[in-house]
Amino acid sequence: MRIFLPLVGLMMMAGCAPTPRLETVTAIDNAPYRIGAGDRLRITTYGEQSLTGECPVDGQGQLQFALLGDISVAGRTLAEVRDDLTQRLSTQYLRSPRVSVDVAAYRPVYILGEIARPGEFPYAERMNVMALIAKAGGFTTWANRKFVYIKRESDSVERAYPLVPSLAVHPGDQLRVAQSPY
């Protein structure tokens with residue numbers, strides 16, 4: 001009986017654990033992709049093999065491009081970078097250059113907590129939280145399956161979101177699956 005009563009008390013307290021204020025889940029948006037440190041861009045200058053290739057975006061949000069040197073690209077869209085490169089090449093080196101810019105590899109996402117294989121995972125376009133959890137081997141026995149904490153690159157703190165299939169993951173996100181209070 002001495003052991004039983006404290007256990008009942010603990011179980012009752014666990015059931016009363018507060019649920020964090022959950023953020024609203026918005027559908028996967030169609031906003032233009034914003035480049036960030038850790039991305040790898042594929043730049044093609046048609047007819048100019050020496051000005052074609054893959055360029056990593058460094059920690060300062062810059063890439064090194066032949067002839068032009070360091071170019072700041074963090075926070076810009078692919079179209080903005082394409083237009084900038086086209087303009088720079090046309091004023092300094094080429095007549096009517098045709099440039100395309102695509103993402104060769106996105107910056108990774110991270111998942112921690114009550115997951116079978118926490119760690120760093122490659123981002124895939126239109127990835128959702130459930131797909132990332134599946135890549136990480138699924139939940140542990142103790143995982144809270146009602147909400148997940150996400151720290152977006154644009155946020156300074158992590159926020160709690162309801163765990164629903166439509167919850168989008170963005171490149172560079174840090175996710176944490178908390179332990180269930182039950």
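**Close-up 1. Pairing of strand β8 with strand β10 in the predicted model.** Strand β8, which covers residues 147-151, and strand β10, residues 174-177, run antiparallel to each other and are joined over three bridges.

**Close-up 2. Pairing of strand β8 with strand β9.** Strands β8 and β9 also pair in the antiparallel sense, here over four bridges, and Phe147 stands opposite Pro162 of β9.

**Close-up 3. The open sheet of five strands.** The strands follow one another in the order β7-β6-β10-β8-β9, with mixed pairing. At the edges lie β7 (119-121) and β9 (159-162), each of which pairs on one side only. Averaged over the sheet and with direction ignored, neighbouring strands are turned by 30 degrees against each other.

**Close-up 4. Helix α2 and its buried face.** Helix α2 comprises 15 residues, 78-92, and spans 21 Å from its first C-alpha to its last, close to the 21 Å expected at 1.5 Å a residue. Its buried residues are Val81, Asp84, Leu85 and Leu89. Viewed down the axis of α2, these buried residues fall within an arc of 120 degrees, so they line one face of the helix. An α-helix has 3.6 residues a turn, so residues three or four places apart point the same way. The cover over the buried residues of α2 includes the strands β1 (40-45), β3 (62-65), β4 (69-72) and β5 (99-105).

Note on methods: Residues are numbered from 1 along each chain as its sequence is written. This is a predicted model: local features need pLDDT of at least 70, side-chain atom pairs count only at pLDDT 80 or more; totals for chains, interfaces and linings use all residues. Side-chain values use heavy atoms; hydrogens and water are left out. Helices (H or I, at least four residues) and strands (E, at least two) are DSSP runs, numbered from the N terminus. The expected span of a helix is 1.5 Å times one less than its number of residues. Buried means under 20% relative accessible area, exposed over 50%, partly exposed in between (1.4 Å probe, protein chains only). The arc is that of the directions from the helix axis to the C-beta atoms. Contact means heavy atoms within 4.5 Å. Two strands pair if DSSP finds at least two bridges between them. Axes are lines fitted to C-alpha atoms, for helices over the stretch in contact, and angles run from 0 to 180 degrees between N-to-C directions.
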